[in-house]
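Good morning, and thank you for making the time.

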Amino acid sequence: MNPNSVEPQSFESKFAVYDCEIRLKFRLIEEKQVLKNREQLLDLLLDAFSYGADEYLESVQSQVEAQELPEVEASPQMRRQLIRLRNLAE
């Protein structure tokens, strides 16, 4: 191997960057006034769904897709965090 050549190092890492998409459809019994605040709506719905089905929530459909991305497609902040995680794991 030529010591002056630059080749990317290949190594196995426990960490990767993923592009994730979640589609949830559920029915929820809730006070009418609560769902009018759009800023808190997503937090409320995710909290309700994470607690699971009960007499106030009925899951209708859920679909999850995750795809590993090349690191160069991640933001600089995510790439820095990935480097930090890898350095901690060594």
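In which strand does I22 lie? I22 lies in strand β1, where strands (E, at least two residues) and helices (H or I, at least four residues) are DSSP runs numbered from the N terminus.

Before I go further, please keep in mind that this is a predicted model, in which local features need pLDDT of at least 70 and side-chain atom pairs count only at pLDDT 80 or more, while totals for chains, interfaces and linings use all residues. Residues are numbered from 1 along each chain as its sequence is written, and side-chain values use heavy atoms, with hydrogens and water left out.

As to confidence, pLDDT is the predictor's own score for each residue, from 0 to 100, and the chain averages 83, with 86% of the residues at 70 or above. Over residues 1-10 the pLDDT stays under 50, and the model has one contact beyond four places in sequence for that stretch, a contact being heavy atoms within 4.5 Å. Where pLDDT is low, the predicted coordinates should not be read in detail.

The elements run β-α-β-α from the N terminus, and among them α1 has the lowest mean pLDDT, 84, whereas β2 has the highest, 93.

Let me return to I22, which is exposed at a relative accessible area of 57%; here exposed means over 50%, buried under 20%, and partly exposed in between, with a 1.4 Å probe and protein chains only. I22 belongs to a nonpolar surface patch together with L24, L42, L46 and V64, and the five have about 480 Å² of accessible area together, by the Shrake-Rupley method with a 1.4 Å probe, only the protein chains shown counting as cover for residues. Such patches take residues with over 30% relative accessible area and no salt bridge, joining nonpolar side chains (Val, Leu, Ile, Met, Phe, Trp, Tyr) within 5 Å and like charges within 9 Å. The elements giving two or more residues to this patch are β1 and α1.

V64, for its part, lies in strand β2, residues 57-69, and counts as exposed at 62% relative accessibility. Leaving aside residues up to four places away in sequence, V64 touches E21 and I22.

What kind of aromatic pair do F26 and F49 form? The pair is tilted, at 5.1 Å centre to centre with 35° between the planes; the rule pairs rings of Phe, Tyr and Trp (its six-membered ring) whose centres lie within 6.5 Å, calling planes under 30 degrees apart stacked, over 60 edge-to-face and the rest tilted. Because F26 lies in strand β1 (residues 17-28) and F49 in helix α1 (residues 38-51), this pair ties together parts that are 23 residues apart in sequence. F26 counts as buried at 18%, while F49 is partly exposed at 24%.

Finally, there are three salt bridges, each a side-chain nitrogen of Lys or Arg within 4 Å of a carboxyl oxygen of Asp or Glu. R23 meets E21 at 2.5 Å, N to O, and R27 pairs with E58 at 3.0 Å between the closest N and O atoms. Since R27 lies in strand β1 and E58 in strand β2, the latter bridge ties together parts 31 residues apart in sequence.
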